[in-house]
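Try each task before you read its solution.

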Amino acid sequence: MNKFLILLGAIIVVVSCKSDKTVLTLSNGIHISNVHIITSEDGTYSPYVGHVVTEEGKIIYVGEEEPTINGSFESIDGTGKFLIPGLIDSHTHITEVQGMLPYQMEAHGELAEAFIAQMPKSYLYFGFTTLINLGGISEKQISDFNSQPLHPDLYHTGRSGASVANGYPMNFAPEEFRFDGAPNFIYLESEADNIPDKFNPSDHTPKAVVERIKKSGGIAVKSYYESGFRGMPKLPVPTKQIMNDLMENTHKNGMVLTVHGNSLEAHSFLTDVGVDVIAHGMWNWGEYRNVPSDSLPDEVKNVLDLQIQKQIGYTPTLTVLAGEEALADFLFLNDPQLKKVVPHKLLEWYATEEGQWFAKELFSELPTEEVHKIYGGIQAQAMLALKYLSDNNGRILFGTDTPSAPTYGNQPGHNGYWELKLMKEAGMPLDQILASATINNAQAFALDSVGSIAVGKKAHMLLLSKNPLQDIEAYNAIEKLFVRDTVVEREDLSVN
Ligand SMILES: [Zn+2]
């Protein structure tokens with residue numbers, strides 16, 4: 001809050017009051033006039049027609065009255081249009097090239113480069129102006145992303161997640177680089193024999209790990225509770241003591257603890273501990289997986305009730321399932337929206353025998369209808385859990401997990417739009433969907449400078465030709481974006 005007071009102080013220099021009309025003198029400003037302003041600080045919306053003025057990438061005026069503006073600024077007529085805050089995706093991985101393994105990225109360097117150059121624009125194309133990378137990221141990856149001329153704001157969780165030794169997702173890496181690739185792994189007594197001697201246990205306590213993540217610029221700590229899925233051997237998971245220590249140290253360092261978990265077992269454990277955010281929805285109902293998908297078993301309901309009571313952040317990530325299911329047939333690759341955000345040569349590669357590698361790995365023996373039946377059943381349960389939270393004042397945070405696996409089914413930006421539509425399909429009202437992707441995420445991750453249209457905040461806004469409180473398609477009806485001090489035409493962000 002103090003930050004805003006200081007900013008307000010600075011703005012008084014350019015605001016003076018002749019009569020009772022606000023007078024603004026700008027040097028690098030934008031005035032959006034007569035626009036439907038749709039913003040909220042608490043998830044309730046009272047849209048009105050008014051004016052928004054920005055200067056040097058910050059919002060300096062929001063109100064019904066038209067201010068008098070002098071100096072140098074751009075005017076944008078918002079008549080009949082809708083202005084919302086830029087969207088926040090609190091679960092992404094900008095470190096991947098969708099659908100490719102490292103050796104394929106090397107073999108097809110040009111495709112990988114084209115993808116990486118387009119990716120920040122693809123997120124913006126679908127309105128995402130703030131991303132949180134929930135996994136390992138290198139300094140080079142951060143600076144490469146930030147050196148693109150137009151890009152969303154990027155926040156991260158350090159050089160690697162706080163995974164327990166040999167637990168998820170370390171288990172995917174070959175043993176010889178597993179530990180070097182996860183500098184923030186947490187020492188587990190039970191894995192002592194399987195940890196190379198060169199690692200000192202005192203460098204891998206929850207305290208040491210959290211301090212390292214803070215030092216590397218992280219805003220949150222990502223940990224994991226995953227005992228295994230899809231035929232994996234049983235994986236080691238954190239103890240309650242470890243999770244409590246992680247939480248205590250995360251808070252001591254002014255950060256947020258967000259933890260992977262998508263099963264009843266994981267949600268139950270994490271809810272009991274009371275972590276800040278669970279980075280996935282609950283779709284793996286364990287022993288209740290075969291119950292009819294139109295009602296919640298009591299055990300699932302009890303965990304959700306406790307999450308509501310403790311106001312734990314719940315990140316539905318419905319596109320994790322949809323983005324795998326997408327590999328079952330070619331319908332997905334024919335989506336015209338994909339051509340806007342994925343380099344066309346890469347789209348062609350996905351359809352090749354080589355590009356189909358993950359589809360084959362997942363579904364080689366299953367007929368397509370069977371895949372849709374299985375995934376449809378799990379998604380119905382994920383949606384039922386989400387609807388319950390939505391109906392009962394749960395704390396729902398928009399996040400996609402783009403990409404959740406080496407699938408080409410989770411594409412930057414496009415996946416976010418898909419997630420928004422799936423949330424609607426699950427029965428969430430449109431005002432809650434908008435709040436989840438803006439103010440809820442900003443508050444949950446303490447990103448005070450974004451999430452709403454208010455004086456002092458960054459000028460991250462979307463100008464829409466449809467009303468997002470009436471039509472989910474509004475998120476695909478973006479005309480212009482305001483990204484800091486730049487006005488961007490949406491079409492300029494698409495693949496050439
Ligand atoms: Zn993830």
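**Exercise 1.** Which residues do ring pairs link into a cluster with Phe 332?

Solution. Start with the ground rules: this is a predicted model, where local features need pLDDT of at least 70, side-chain atom pairs count only at pLDDT 80 or more, and totals for chains, interfaces and linings use all residues. Residues are numbered from 1 along each chain as its sequence is written, and side-chain values use heavy atoms, with hydrogens and water left out.

Next, apply the ring criterion: rings of Phe, Tyr and Trp (its six-membered ring) pair if their centres lie within 6.5 Å, and planes under 30 degrees apart count as stacked, over 60 as edge-to-face and the rest as tilted. The cluster then joins Phe 332 to Trp 349, Tyr 350, Tyr 408 and Trp 418.

**Exercise 2.** Find how many aromatic pairs the structure holds, and describe the one formed by Phe 128 and Phe 398.

Solution. The count is 16 aromatic pairs. Phe 128 and Phe 398 form a stacked one, at 5.5 Å centre to centre and with 25° between the planes. Now place the partners, taking helices (H or I, at least four residues) and strands (E, at least two) as DSSP runs numbered from the N terminus. Phe 128 belongs to strand β8 (residues 128-133), while Phe 398 sits in the loop between β14 (395-396) and α15 (414-425), so the pair links parts of the chain 270 residues apart. Finally, both Phe 128 and Phe 398 are buried (under 20% relative accessible area, with exposed over 50% and partly exposed in between, 1.4 Å probe, protein chains only).

**Exercise 3.** Work out the strand order of the open five-stranded sheet and name its edges.

Solution. Two strands pair if DSSP finds at least two bridges between them. The order is β10-β11-β12-β13-β14, with parallel pairing. β10 (220-224) and β14 each have a single partner strand, so they stand at the edges and one side of each is left without a neighbour in the sheet. Inside the order, β12 (residues 277-278) and β13 (residues 313-314) pair over two bridges, and Val 277 has Gly 313 as its bridge partner in β13.

**Exercise 4.** Which ring faces does Arg 490 lie over?

Solution. The test asks for NZ of Lys or CZ of Arg within 6 Å of the ring centre and within 35 degrees of the ring normal. Arg 490 lies over the face of Tyr 125, at 3.8 Å from the ring centre. Arg 490 also lies over the face of Phe 126, at 5.0 Å from that ring's centre.
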